[in-house]
Amino acid sequence: MKNDFRLQYPLWQMGFIILLGAFAYGLSSPMTEVVNTETENSIMISIGGTQSLFAMIALLLYFILLAVFAYQLRKHNKNNPHQKVSAFSIRPPEYLEQDEGMTYITRKAAQKVYTFITWSLPLLAAFAIILPLPKLFIIWGILLVALGQYWIYYREVRSHLKEDAE
């Protein structure tokens, strides 16, 4: 159970979130020129040297991580035909409900995540309304909430599995 792909799924998501945050940083200050005349309507966006390199590296790493994730997902589904994970499922694949114990652990972890989101999203919204934050900080705040939910879920499930192993 310790090496179950469904347990590792939150770690994969945290990796994707971190790379999206890095990509957002790389795109954080593009120069935008809007031309709106009677004869021409256009928008031109140009990204500076260092930041464009940072964005391109983050995007490249994202696609590499996506390819490794797809490989691991395919490998898991091949080795576990009775516990297949769909990449496009509406129901999160980290729900581990093969028996009553795992259903309890999943429910407890989901409750902690729900409590975290119940408090963090309104606080994030309040900070965004009150403080004149740049868009990048708001995006990072949203990604931080997403990162936090996966970390809480992973930590909770992992702690129960460690208790069971002992």
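**Pocket and patch**

The largest pocket here has a volume of about 180 Å³. On a 1 Å grid over the protein atoms alone, a pocket is an open set of points where a 1.4 Å probe fits, with protein on both sides within 12 Å along at least five of seven lines; lining residues have an atom within 4 Å of a point. This is a predicted model: local features need pLDDT of at least 70, side-chain atom pairs count only at pLDDT 80 or more, and totals for chains, interfaces and linings use all residues. Residues are numbered from 1 along each chain as its sequence is written, and side-chain values use heavy atoms, without hydrogens and water.

Which residues line the largest pocket? They are Tyr9, Gln13, Pro92, Pro93, Glu94, Tyr95, Ala110, Val113, Gln149, Tyr150 and Tyr153. Eight of the lining residues are nonpolar, two polar and one charged.

Now the surface. Tyr25, Phe54, Trp119, Leu123, Phe127, Ile129, Ile130, Leu131, Leu133, Phe137, Ile139 and Trp140 form a nonpolar patch with about 1200 Å² of accessible area together. Helix H3 (100-130) and helix H4 (135-165) are the elements that give two or more residues to this patch. H3 gives the most, five residues.

Take one member, Trp119, in helix H3. Is Trp119 buried or exposed? Trp119 counts as exposed (over 50% relative accessible area, with a 1.4 Å probe and protein chains only), because its value is 61%.

Key: Patches are made of residues with over 30% relative accessible area and no salt bridge: like charges are joined within 9 Å, nonpolar side chains (Val, Leu, Ile, Met, Phe, Trp, Tyr) within 5 Å. Accessible areas come from the Shrake-Rupley method with a 1.4 Å probe; for residues, only the protein chains shown count as cover. A salt bridge is a side-chain nitrogen of Lys or Arg within 4 Å of a carboxyl oxygen of Asp or Glu. Helices (H or I, at least four residues) and strands (E, at least two) are DSSP runs, numbered from the N terminus. Buried means under 20% relative accessible area, exposed over 50%, partly exposed in between (1.4 Å probe, protein chains only). Grid points are joined across faces, edges and corners, and a volume is the space filled by probe spheres set on the points. Ala, Val, Leu, Ile, Met, Phe, Trp, Tyr, Cys and Pro count as nonpolar, Asp, Glu, Lys and Arg as charged, and the others, Gly among them, as polar.
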